[in-house]
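Welcome! Let us look at a protein together, starting with the whole fold and then zooming in on one residue.

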Amino acid sequence: CGEINIMDLRLIALDLDGTTLNSQGKVSPYTKKILEKALSKGILVVIASGRALSAIPEDILNIRGLKYIITSNGSSIFELPDSRRIYANDMKPGVVMSVLAIMQDTHFPFEVFIGGHAYTMQAYYDCPTDFGVPERMNHYVKTTRTPISDMPDFMMKHCNEIEGIDMIVPDMPKKQQLITALSQISNLYITSSESYYIEMASGSVSKASALHALAAQFHITPKQVMAFGDSDNDIELLSYAGCGVAMQNATSNLLKAASAVTRSNNEDGVAFYLESFL
């Protein structure tokens with residue numbers, strides 16, 4: 001795969017949704033076993049997710065030997081087991097205010113990530129499906145978000161400590177219009193892990209930039225990294241890695257960036273590829 005062989009492999013970076021997790025948001029016993037096998041061989045396994053730390057599933061946190069989690073598309077790195085934030089790249093207050101000015105002119109809900117926790121508008125928390133997202137989001141939002149009655153006020157009060165901002169925009173033409181408007185803001189990173197998300201962070205943020213900072217601490221080069229993903233917010237990650245593996249269910253943009261393709265997330269694609277490689 002790409003520039004990597006089994007003797008070189010020192011780090012495996014894993015996206016969660018649509019990649020390591022199946023459609024039920026779970027890690028299969030087979031995938032857990034293979035990841036723990038890699039960790040027992042001294043290979044670093046690093047989660048690289050768009051989720052906030054508080055939204056990382058318990059069965060991921062329970063993987064024996066797992067130590068590092070990149071969250072909010074690369075805004076933070078947390079070290080387990082004490083969830084210490086060892087890397088931070090928060091949004092600049094001026095950028096937050098510019099984003100807020102655009103968001104307030106729409107009726108779409110939005111969320112913010114601060115210190116590993118996710119906060120969302122009360123109305124979206126009460127019933128996410130009212131805003132055009134899939135039924136599965138009802139449970140996800142209820143179990144991973146804290147509702148806020150006045151989000152603009154909350155954002156202004158915390159504008160110097162925001163890891164990232166999400167907008168939920170299931171209207172595709174409107175989503176593209178908003179991305180065009182948001183793209184005019186300098187020092188703003190914009191990506192998407194789901195068709196209805198616009199995800200924003202500091203302009204120098206990406207899963208790859210955070211992984212690069214972590215890998216450098218262990219003197220690990222990109223050629224010694226294997227990465228797995230399925231969405232557009234994984235493009236930089238797969239491009240960085242010596243071996244970038246796309247899931248069969250990946251977006252067309254990510255498939256173009258990948259050096260290999262594995263089975264879908266519902267067919268244990270990560271474990272299947274790793275077991276044959278290891």
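## The whole fold

The secondary structure of this protein comes to 12 helices and 14 strands, where helices (H or I, at least four residues) and strands (E, at least two) are DSSP runs numbered from the N terminus. The radius of gyration is 18 Å, close to the 19 Å that the globule rule gives for 278 residues, so the protein is as compact as a globular protein of that length. This radius is taken over C-alpha atoms, and the rule is 2.2 Å times the number of residues to the power 0.38.

What you see is a predicted model, in which local features need pLDDT of at least 70 and side-chain atom pairs count only at pLDDT 80 or more, while totals for chains, interfaces and linings use all residues. Residues are numbered from 1 along each chain as its sequence is written, and side-chain values use heavy atoms, with hydrogens and water left out.

Buried residues (under 20% relative accessible area, 1.4 Å probe, protein chains only) make up 55% of the 278 residues.

## Zooming in on Leu-188

Leu-188 sits in strand 10, which covers residues 188–191. Is Leu-188 buried or exposed (over 50%)? Leu-188 counts as buried because its relative accessibility is 13%. Leaving aside residues up to four places away in sequence, its contacts (heavy atoms within 4.5 Å) include Met-91, Val-95 and Gly-203.

| Separation of Leu-188 and Val-205 | Value |
|---|---|
| In sequence | 17 residues |
| In space, C-alpha to C-alpha | 8.5 Å |
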